[in-house]
Amino acid sequence: MQRIVVAIDPPVTSVAGSDSCGIIVAGIAVDGRAIILADRTIQGRTPDTWARAAVQAYKDFEADRLVAEVNQGGDLVVAVIHQVDPTVPVVKVRATRGKWLRAEPVAQLYAEGRVAHYGTFPDLERQMCDFATDGLSDGRSPDRLDALVWALTDLMLTRHHVPTVRRL
């Protein structure tokens, strides 16, 4: 893998009926394709629990960074992650467009054969197939899919500046 990210879509609450915390691990292979490596999504857990799960995925896969949606929680999302491990680099992302619009470019990557899954992820794949124009999957927030969209957007659709040394 050239680069690996762990993307998280944290829930607002942590009761049994709450949305899950989407945690997806994805990387860019040497051939340029994105590979979905793991679905570490957890449900009904406190913020410190999902933060530990995300940091553990970061360590297990030797990821380059976490990508965290901060619409629900803002800086608190990063603070909870840094309570677990202050050295983990976290990129904050904020949804400014609807789920459907954010997912369209990622769907195109799949249509072009530029994304593959390493193994099977039945819950993630169910959300992908059930995703509707209202931004829901089976009437619920598609937390796994949201995390997948953030991961692939970071890896393949966001231009990252590489530091260079210039001559004077």
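This is a predicted model: local features need pLDDT of at least 70, side-chain atom pairs count only at pLDDT 80 or more; totals for chains, interfaces and linings use all residues.

Reader: How many helices and strands does the protein have, and how do the elements run?

Author: Helices (H or I, at least four residues) and strands (E, at least two) are DSSP runs, numbered from the N terminus. Here there are five helices and seven strands. From the N terminus on, the order is β-β-β-β-α-β-α-β-α-β-α-α.

Reader: What do burial and contacts say about the whole protein?

Author: Buried means under 20% relative accessible area, exposed over 50%, and partly exposed in between (1.4 Å probe, protein chains only). Of the 168 residues in the protein, 45% are buried. A contact means heavy atoms within 4.5 Å. Take the contacts between residues at least 6 apart in sequence: 62% of them join residues at least 24 apart. Accessible areas come from the Shrake-Rupley method with a 1.4 Å probe; for residues, only the protein chains shown count as cover. The accessible surface is about 9100 Å², and 52% of that belongs to carbon and sulfur atoms.

Reader: How do I read the faces of a helix? Which residues of helix 2 are buried?

Author: An α-helix has 3.6 residues a turn, so residues three or four places apart point the same way. In helix 2 (residues 75–84), V77, V78, V80 and I81 are buried. Down the helix axis they fall within an arc of 160° , so they line one face of helix 2. The arc is that of the directions from the helix axis to the C-beta atoms. On the other side, D75, L76 and Q83 are exposed.

Reader: What do the buried residues of helix 2 pack against?

Author: Their partners are strand 1 (3–9), helix 1 (47–60), strand 5 (65–69) and strand 6 (90–93).

Reader: How is a pocket read, and what lines the second largest pocket?

Author: On a 1 Å grid over the protein atoms alone, a pocket is an open set of points where a 1.4 Å probe fits, with protein on both sides within 12 Å along at least five of seven lines; lining residues have an atom within 4 Å of a point. Grid points are joined across faces, edges and corners, and a volume is the space filled by probe spheres set on the points. The second largest pocket has a volume of about 180 Å³. Its lining includes W100, Y110, M128, F131 and L148. Helix 3 (99–111) gives the most, with six residues.

Reader: Where is Y110, and what does Y110 touch?

Author: Y110 sits in helix 3 and is partly exposed, at 22% relative accessibility. Not counting residues up to four places away in sequence, Y110 touches I36, V115, H117, M128, L148 and L152.

Reader: Which backbone detail marks E62?

Author: E62 has a positive phi of about 50° although it is not a glycine. E62 lies in the loop between helix 1 and strand 5.

Note on methods. Residues are numbered from 1 along each chain as its sequence is written. Side-chain values use heavy atoms; hydrogens and water are left out.
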